[in-house]
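Subject: Structure handover and findings

Hello,

Please find the structure below, with notes on what was found in it. Read the notes with the coordinates open.

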Amino acid sequence: MNSIWELETFYRKREIVIIGSGFSGLWTAIAIKEKHPEKSVLIIERNAVPLGASTRNAGFACFGSLTEVIADAQKMGWEKTLDLVTMRFEGLQKIRRYFKSDEIDFELNGGYEILNNDEPLKHIKEVNEKLKRITGLEETYTLKQHKIEEFGLGRSPFLIENPCEGSLHSGKLLQKLLEKCYDLKVEFLLGTEVENIDETPHEAEVYLSGTTSIKADKVIYCTNAFSSKFLKNENIIPARGQILLTEPIEGLKLNGTFHYDEGFYYFRNLGNRVLLGGGRNQDFKTEETTAFETTAFLQGHLEDFLKEVILPDHNVKIALRWSGIMAMGNEKTPIVKQISERQFCAVRLSGMGVALAPVMGENIAELI
């Protein structure tokens, strides 16, 4: 049993309870408190620090490579694709308005994509025309063949540049978001798992591990790939992204963020080291999991990609390996909606949580 002190402080009723303290949960809390500073907001996180994709990603500040935009337009149509790109682009701008570059190690060092053939180049004019109203540029994507040698990517046939993209430090961004939440008087329960939620016409009751519960006027799920426990009717497929990081490389030429094969591969320099992730399209079924593991098959595949495409003339050592869990679905549009009288969700960020979460937070704040 809890004491009267606990029941009247930590476990007292809140107006808003947010489940999940990743990018979407933190940006949602900030948006609500900025819009309604008088509301009590509590974030419940089952881990000691945010986990999932937010602390496990590659630190890309991007909104879509050329081939990814082309593929999305062919699958979803231009209207949905442009809406999605707009959300991502505006999300990146919001990050830059809220935080100084040196606070989150943000670098506008360009986004690049390696192409194996010239087929996507046939669409580049149309894509640039479509994106002009979003980025303000006549040419968001341009062919930059001279940079192939500059970056040491000598075996790459074509290289596309997007000057609007860059990189950041995901951990530092999360720390700044936490600081912002504390400034706005957002409260936290860390290391606390939500078991289930009961809803009545008057309130929702959030049952925690053990015998404790917290009542709330509204509950918002920001649990992304881990939402199946709560959102059984939504199309959410977990997608593990495996990553490796090299030891320092003397004379590394690589500078910027890079994509390959519709974004299934992504790599960047982290100082004089190379961070490489992806390749789940080589083993889709195995990577549809919420298990934080790496596999010998995919790590070996990434090492081969590193040696063949990124650093063909280097003998490198791997310093770290890890994985993060993203949420995918039948299409890439995130799920931001009301699911009952008192329950809402902001989930399925499709590997673009850095860029999407700031705008998703605003959208859910409007809904409640």
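Conventions

This is a predicted model, so local features need pLDDT of at least 70 and side-chain atom pairs count only at pLDDT 80 or more, while totals for chains, interfaces and linings use all residues. Residues are numbered from 1 along each chain as its sequence is written, and side-chain values use heavy atoms, with hydrogens and water left out.

Whole chain

The protein chain holds 11 helices and 18 strands. Helices (H or I, at least four residues) and strands (E, at least two) are DSSP runs, numbered from the N terminus. The C-alpha trace spans about 70 × 45 × 40 Å along its principal axes. The radius of gyration is 21 Å, which agrees with the value near 21 Å for a compact globule of 368 residues. That radius is taken over C-alpha atoms, and the globule rule is 2.2 Å times the number of residues to the power 0.38.

Buried residues account for 53% of the 368 residues. Here buried means under 20% relative accessible area, exposed means over 50%, and partly exposed is in between (1.4 Å probe, protein chains only). The chain exposes about 16400 Å², and carbon and sulfur atoms supply 48% of that area. Accessible areas come from the Shrake-Rupley method with a 1.4 Å probe; for residues, only the protein chains shown count as cover.

Of the contacts with a separation of 6 or more, 73% are between residues 24 or more positions apart. Contact means heavy atoms within 4.5 Å.

There are 44 positive and 53 negative charges, and their mean positions are 2 Å apart. Lys and Arg count as positive and Asp and Glu as negative; His and the chain ends are not counted. Each charge is placed at NZ of Lys, CZ of Arg, CG of Asp or CD of Glu.

Core and helix H11

The largest nonpolar core has 65 residues, of which Ile18, Tyr141 and Ile220 touch the most other members. Helix H11 (residues 353–367) contributes the largest share of this core, eight residues. A nonpolar core is a set of buried Ala, Val, Leu, Ile, Met, Phe, Trp, Tyr and Cys residues joined through side-chain atoms within 4.5 Å. In soluble globular proteins, nonpolar side chains tend to be buried together.

Not counting residues up to four places away in sequence, Ile220 touches Ile16, Val17, Ile18, Ile19, Thr28, Ile32, Phe344, Ile364 and Ile368.

Leu367 is placed in helix H11. Leu367 counts as partly exposed because its relative accessibility is 38%. Leu367 and Asp72 are 295 residues apart in sequence, and their C-alpha atoms are 27 Å apart.

Positive phi

Most residues other than glycine have a negative phi, and most peptide bonds are trans.

Asn224 lies in the loop between strand E11 (213–221) and strand E12 (237–246). Its relative accessible area is 13%, so Asn224 is buried. Glu262 is in the loop between strand E13 (257–260) and strand E14 (265–270). At 37% relative accessibility, Glu262 is partly exposed.

Val309 belongs to helix H10 (residues 296–310). With 15% relative accessibility, Val309 counts as buried. Neighbours within four places in sequence aside, Val309 is in contact with Ile114, Leu153 and Ser156.

Arg155 sits in the loop between helix H7 (146–150) and strand E6 (158–162). Arg155 is exposed because its relative accessible area is 56%. Residues up to four places away in sequence not counted, Arg155 touches Glu308 and Pro312. Arg155 and Pro312 are 157 residues apart in sequence and 8.0 Å apart, C-alpha to C-alpha.

Ala291 is in the loop between helix H9 (284–287) and H10. Its relative accessible area of 26% makes Ala291 partly exposed. Leaving out residues up to four places away in sequence, Ala291 touches Arg240, Ser323 and Ile325.

Regards
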